[in-house]
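Try each task before you read its solution.

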Amino acid sequence: MIDARLLRDDPDRVRAAQAKRGLSAEVVDRALSADADRRAAIASYEAKRAEQKRLGGQVAKAQGEEKQELLGQTRALAAEVKEAEAARVAAEEAWNDAVLSIPNPAADEAPEGGEDDYVVLETVGTKPEFDFTPRDHVELGAMLGAFDLERGAKVSGSRFYFLTGIGARLHRALVTMAMDMAAANGFTEVVAPALVKSRAMEGTGFLGQAADDVYRIEGQDLYLVGTSEVPLAAFHSDEILPADSLPQRYAAFSSCFRKEAGSHGKDTRGIFRVHWFDKVEMFVYTTVEESFAEHQRLLAWEKEFMDALELHYRVIDVAAGDLGTSAQRKFDCEAWIASQERFRELTSTSNCTDFQARRLDIRTRAGSSGETTPVATLNGTLCSTNRPIIALLETHQQADGSVRVPQALQPYLGGLEVLEPLA
RNA sequence: GGAGGCGUCGCCUAGUCAGGUCUAUGGCGCCCGCCUGCUAAGCGGGUUUGGGGUAAUACCCAUCGCGGGUUCAAAUCCCGCCGCCUCCGCCA
């Protein structure tokens, strides 16, 4: 939720922010008029309610005829209060609807435009070269016995799979390595619920434009999360976090579920784009002032993970139109996928500033004044399970279908240096 | 899933049966001040969180787990829901 004061005091900035994302400013005007209506309705209700309370006090003390007369007055007033309250509630709903549909204004630094208008910030490592025709992860996976796509489809449908043998072991190794790195960097380890109530989904901005991608449990107010950002953001909802407790850094493991609506026919091969995967996600609560530096730290930790896997990758600054509802700025790390001859997203880190915190009512106390103020929330992928496996297999493959294990990962595979194809 | 108990402004707590200065009591903790070689004690004051309003005050409204209802008036009465605890059943 954007700051009501910003909307009121500087609506042109919000209009410009809408334009930068390629969205209409109509909702800004709707919100402004709803705000005026709402405040008028509140004033009217409160005046009547105050009068009702004042008379109520007199009724309590009055006797006989005087009491009867007061009761007559106050009965009429009660109806007016009820009416005014209904008007107030309606006005507040209109305001909420409008303001909740305004996304977080993008950072000034974020590139303008849509999906293709990203800016490459840096490219790390060198493109892997092969003196043989490189296989894609599906072929390699079959040779290694790392996953079973046919049975995944049989049991659960398209975009499902089983990780098997070395694939399952790689999954465990990656998650453990990621958690160890997070712990070493001061994160609190968390295993988070993958089912959450609508409040958590709404609060993190996933029931707006992204709602089509979310699985809902039939007959219950429960949703399958697409990322543990959701339960982690809601973790401290309705709380006031002591200033000296910030930043609070969590690294959460959870399964992630995505309908992938609207991506029919896209990345249908293998385990790249699937309905379910697992992920270790970094999540930070801090102050808005600190959030920008923290965002850089999250990016640095993501790069540390990419480096540990000895991948060739680039970092992009995602354009305003391609940011999620909540993000003010987003960096993606994209690894080179040899079979596709292009960079693909492996990790993503967003600074949501105080946008999610306003919706979820998470505050801290500002400096000396003691005033409460919304915190900032940030998230970043440390390790999703499938795409790193893909990048790893394709990057470190050898002519015979074996795969070299990056040194940092070896201890997590019992010292294994090379993954060998099954006989 | 069944039975019972509980939910009050950081923590504890009074108030709920008999609705009306409850504008929510008291204690602990915390903050400010006085006193004081220092500290403690003592004394005085303050201490939920939102919202409206104002240049800023003042002032006003909401908030007793949540949502409805009854009533002129609800922490208090009625209905529904949620959470926690105890016991039983089931289960990993």
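**Exercise 1.** Find the bridge partner of Tyr250 in S9.

Solution. Step one: go to Tyr250 and look across to S9; the partner there is Phe283. Step two: widen the view to the strands, which are DSSP runs of E, at least two residues, numbered from the N terminus. Strand S8 (residues 248–257) and strand S9 (residues 276–286) are antiparallel and share ten bridges. Two strands count as paired if DSSP finds at least two bridges between them. Strands of a sheet pair through backbone hydrogen bonds, either parallel or antiparallel.

This is a predicted model: local features need pLDDT of at least 70, side-chain atom pairs count only at pLDDT 80 or more, and totals for chains, interfaces and linings use all residues. Residues are numbered from 1 along each chain as its sequence is written, chains are lettered from A and ligands numbered from 1 in the order in which they are written, and side-chain values use heavy atoms, with hydrogens and water left out.

**Exercise 2.** Trace the open sheet of eight strands and name its edge strands.

Solution. Step one: follow the order S1-S10-S11-S12-S15-S9-S8-S4; the pairing is mixed. Step two: check the ends. Strand S1 (119–124) and strand S4 (188–191) are the edges, each pairing on one side only.

**Exercise 3.** Explain why one side of S7 and of S14 has no neighbour in their sheet.

Solution. Step one: write the order of this open sheet of three strands, S7-S13-S14, with mixed pairing. Step two: strand S7 (239–241) and strand S14 (372–374) stand at the edges with a single partner strand each, so one side of each is left without a neighbour in the sheet. Step three: inspect one pair. S13 (residues 362–365) runs antiparallel to S14, and three bridges join them. Arg365 stands opposite Thr372 in S14.

**Exercise 4.** Decide where the second largest pocket lies relative to the two domains.

Solution. Step one: divide chain A into domain 1 (4–100) and domain 2 (115–419), bounds that come from an automatic or database domain assignment. Step two: look at the lining. A pocket is an open set of points on a 1 Å grid over the protein atoms alone, where a 1.4 Å probe fits, with protein on both sides within 12 Å along at least five of seven lines; lining residues have an atom within 4 Å of a point. There are 21 lining residues, and Leu6, Arg13, Pro105, Ala106 and Gln328 lie nearest the centre.

Technical notes. Helix = DSSP H or I, 4+ residues; strand = E, 2+ residues; numbered from the N terminus.
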